[in-house]
Structure formats: C-alpha cells, structure tokens
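Work through the exercises below with the sequence and the structure side by side, and try each task before you read its solution.

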Amino acid sequence: MSIPVVKEAVRTEGVKRTRHRPLSTRDWLLSIVAYIIAAVFLVPYLEMIVTAVSPTNQLGTSRLFPSRIDFSNFTSLWSLGLGTNLGVSLEVAIGATILVTAVALPAAYYTARKKFRGRMFFLVLVLITQMFQPTALLVGIYAEFSHLGLTDSVFGLVIVNSAFNLAFATWIMTAYISSIPVELEEAAFVDGTTRFGALRRITLPLALPGIVTAMIFTFIAAWNELVVALMLTTTPSHQPLTVALDGFIGGYQIDWGHLFATSVISTIPVIILFAFIEGRVVGGLTAGSLK
Amino acid sequence: MNEDSETSAPQAMVRNSQRVTNVPKKNLIRRMEPIYWLGPAFLLIAGVVIMPVAFMVWTSFRNIDTVGFDHGFAGLASYRNLFALPDLRPVIIRTIVWLISVVSATMLIALPLAVLLNRQFPGRRAVRMALVAPWATSVFMTAIIFRWMLQPQSGLINIVGHALGLLHNIGLTSAQADWLGRPQSAFVWMIIVAIFVSLPFTTYTLLAGMQAIPGDIYEAAKVDGASAWRSFRAITMPLLKPAAVVALLINLMNVFNSFPIIWEMTRGGPGDQTATSTVFMYQLKSSSIPMAAAMSVVNFVVVAVIVIMFLRFSNWKERTI
C-alpha cells in the first residue's frame, strides 16, 4: 500500500505547481460543464430541502417552489415519536464507532508493525469482510441473532455495523501506521519512553487522520444503514431512523412533509461530515489496491 | 510487547530489529501475542460474518414455517421449490440486466467525469463537494427523493420534462407520466438512480488512479510530440487499468447487493416484477423462510465469485503493508 501521508503532501504540491498557468477559454468551457454536472448531483437534495420547508397544502401541486417557507414540519415531527428513532440511530452509530475503533486500532497497529504467523490470513479475512455486505448474509444474520436473542436490540445493530465496517477501519489505520517510520518510535525508546508512551505520543497523533477517517466513515455507515435494521428490529421504539422512515413509505398515504423534514435533519450533517474525509475514503474502500 | 517495557531501551531496540530471538521461556507468550491484538477483530468477524453463513446454509435445509417454528430436516426441498418457481427466471434475467446496465453505464460515465475532475479549473473543489452528496447520503434516502420527484402529477421530473417538451417528444402528451406505476419504466428509473449513487465512488476511485500516474510520463510524451488524446490512449488508459478493475469489481458487488433503491421505489412490485434476486430473497421471507435462505445461498455463491475475482485481480499480495 502506498503511503497516504506522503501522497497528501504530493497532491497539494501538484496543485501549487499548476496554479500559475493562465486559464484558457477551453478551461472555462470545461468548468461550465463541470458546474452543470455538479448541479445535477445536487438537485435531488435541494428538492428534499424545498419539500421539507413547503406548507403541507402546497405539496402535490405542480409548482416548483412554495409561495412561503414553512418550518412546521420540523417542529411537529417530534410528536410522531421520531425523536426516539433519532436517539436509537445515534446510539447505534456512536456504539459502532467506539467498538470499531477499539477493535481495529490494536489490530491495525500490530499488523503494521509486526511480521507474524497468520498475518496474511488476517489480512485476507479482512479483505473478504470488506467485500461482503450484510445484505448477502441477511437471512443468516437474522437466524443467528434470533437464536441469541439479539433481535430488536441496539447492541445487535452495533455489532453488525461494527463487523462490516471493521475492514475499512483496519485497512486505513494500517496504511497510516505503516507510513510512520519505526525510527520515530525507536527514538522515543532511546529517550526512555515506554512502548505505550511512544504509541500515545508519537504513533497515535501521526496516524490521527486515518483514525478520524475510519471513525467518521463508520459513524456515517451505521447511521445510514437500513437493510439489517429492517430485518432485525420490529418494535417501533427500537427502530433506527432509517427503518422509521421506511415505514412512512409503506403507508397508504405517504406523509412527504414529515418524511423530508426528518431526512433533512439526518442527511445534511452527514454530508458535511463526509466532506471532511472525502479525500481519504477511496484508499480505504479499495483496500489499498490502488498504488 | 508489554513485557518489553521494563527492559532498557537499547535492548528493546535490538530485540525489535531481530524480531525472533531465542527466549524459550517467553516463547509461548510471544506466540500468543497476535491473539491479544487481533483477537477482538477476529471474534467480531467470526461472529457476524462467518457464523451467519453457517446459519444461512443450515436454515435452507430445514423446514421452518413462517412463524419461525422448526419442523425438522427438509433436505433440498427448499432449493427444489425455489427453482420450480415460475417467477425465478424473470428475476434472474432482471438481475443480470440490472448488473450489466448499472455497472457498465457507471464506468462509462465515471471515466470522463474523472478526466474532467483531474483538470485544473476554477471551482473544482466545489464540484468535488457536490459529488459527495449522493455518496454520503443513505442510498435509501436518495431513492425516496427520486420516488417523490417521479410523482405523476407534482413530481419535479414531470414538471421540468413538460416544460422542456421532453415528455411530448416521447409520446406523453396529455397525461403526466406515472413512471413508477409500470414495471418497465420503473425499472429503467431504478437503473438511473443506481447509476446516480454509484458514480461518486467510481469517479473518485478512477481519479485516485489518475493522480497516481507520475506527471513526468506525460511530460515526456509531450516532448515526443504526442497529442492529448494519444497520451490518454497510450498512458492513462493502460495505467488506469488496475484502478478501473477494482472499481468495476466493487461496483459489481454493491450493485448486486443493492436493496434500498428497488425497495423504496416499488418494493419490488407490482408483485415481484421489478425485483432483483436480492429483493426477491427479502420478499420470499414472508412466504417461506427456508426458500428465502435458499435464495440467499444462491446469491451468496454469486457474491463469493465476485470476491474471488477481487482477490485475484487486486494484487494485494504484492503490496507491502
């Protein structure tokens, strides 16, 4: 795997180098094409926001924009019990983030620093987990979890989400830790620091971008997860927000106003969070198979 | 490495560099060491990824009723019932159409997009950020928004389509189009949504591949008088191949397992007329759990084939982690 820390440095250098070139007409044309494409990608999410702030009686009419902005969908959605579902989603996402970090960090550190028997086996196992998705194993997960009494529980959702995001976290953390020269840690030993002191003061801070990326990615993935939660949770108060919103769609009359108000609340923060890690996600998702 | 903390630092260094020293007493502890560090990760994978496979296969051989009561061993009955279903054939054909159309269109659109984003232009960062939206948002949310935009009377797509006269051109004159009401047009729109949500990851993966190509190769080609198109054909295309293969395989996997798009837009209906094998598996669950398990096992085999291809193509062995 290439060294992400170095790659990031090279990338910014590359931007600096080309900045001096004056822009040609062709560049301007290209950028206009790019803006149009960007707009196409944003339209659905803008439509989501517009619908959420429309007065209910103007939904279902053939007007593009409402005559006035109405936030009543946002204030009344709490009375539908969606606050509870939001809480469940938060518990699942935070729980999965903590568990993944606690499990992946030692594994990544050891794999990055040591040659040991079973290292390849572990890496391949992680790679396979990366490729498999919970959807493919849905019936099996359901059978196992009902056997263990883990259906309808936050803990059950936490461990499923942790397991399927473990691979991403392990890959990206391993990549970051192996890009930190061992000599830095060894220098700390010479200065009389213990192994854990070196880990805390040198390795962790330097690997922080990788760790933060893994944490944000896991949080978002768990927050967005629908399929497993749909299968495992039945009691409305134990369902995360995604399942609750899916229930809206199943109804005879779809309550679009509340549906999109809730979507805005649960989507916009996630898009902003994701924007922070966007540059580092590809490396983790492709399990470093790109040089 | 806990036991190293008491020894003096230089000693620890020597031991670190030689790795395996003959300290017979500590040998067992040393050999157990990976278990402390990797054990939790291994347990999680074993419990949530490997065990379900066993449970899934086991369920497919049992006779379990819809309430969940187990009536004993049923052999291959579930598989026989599954393959005897007249609906299975169209579902499989639809799954193949779904896979090929979504993945190939995604790859074909992502390549020029990546080329575009690899160039310098004002506002490039903003365009990159716009592509993040469908990637960060839950796929099921995007599918719901499209369902809303495809509403026959009030949907954005119909309003804009009418304003531009597009719908008129394809023969939809007076009545607004009920895209999701008919299985064929619904399926086409689901394919479009699937392409829409697959594009960001694919584009970024190809972009990462392009940025990894050293700039001096292009400069050398320029010196030799190569045109931009020729550089693209002779340098970018071949050097981009590993990234493209990885993106292709990951897309195959994601698109095959894709559930939320179809589920939120039509629930796979009417009946199972817009279901792929993944959605069909979920639909089967309400009529027969063992048959759903049998369908899962069949899907699992497809997924396993894609994983094996990924392991072979991604060249992971040559990398030094």
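**Exercise 1.** Find which residue takes a positive phi in the hairpin of E1(B) and E2(B).

Solution. Begin with the strands, which like helices are DSSP runs numbered from the N terminus (a strand, E, has at least two residues, and a helix, H or I, at least four). E1 (residues 62-64) and E2 (residues 70-73) of chain B pair in the antiparallel sense over two bridges, where pairing requires that DSSP finds at least two bridges. Arg62(B) stands opposite Phe73(B) in E2(B). Five residues lie between the strands, and in this hairpin Gly68(B) takes a positive phi near 110°.

The model is predicted, and local features need pLDDT of at least 70, side-chain atom pairs count only at pLDDT 80 or more, while totals for chains, interfaces and linings use all residues. Residues are numbered from 1 along each chain as its sequence is written, and chains are lettered from A and ligands numbered from 1 in the order in which they are written.

**Exercise 2.** Work out how many residues of chain B are in contact with chain A, and which helix gives the largest share.

Solution. Counting residues as in contact if their C-beta atoms, placed from the backbone, lie within 7 Å, 84 residues of chain B are in contact with 89 residues of chain A. The largest share of chain B's side, 15 residues, comes from helix H2 (residues 27-60) of chain B.

Methods:
Contact = placed C-beta atoms within 7 Å.
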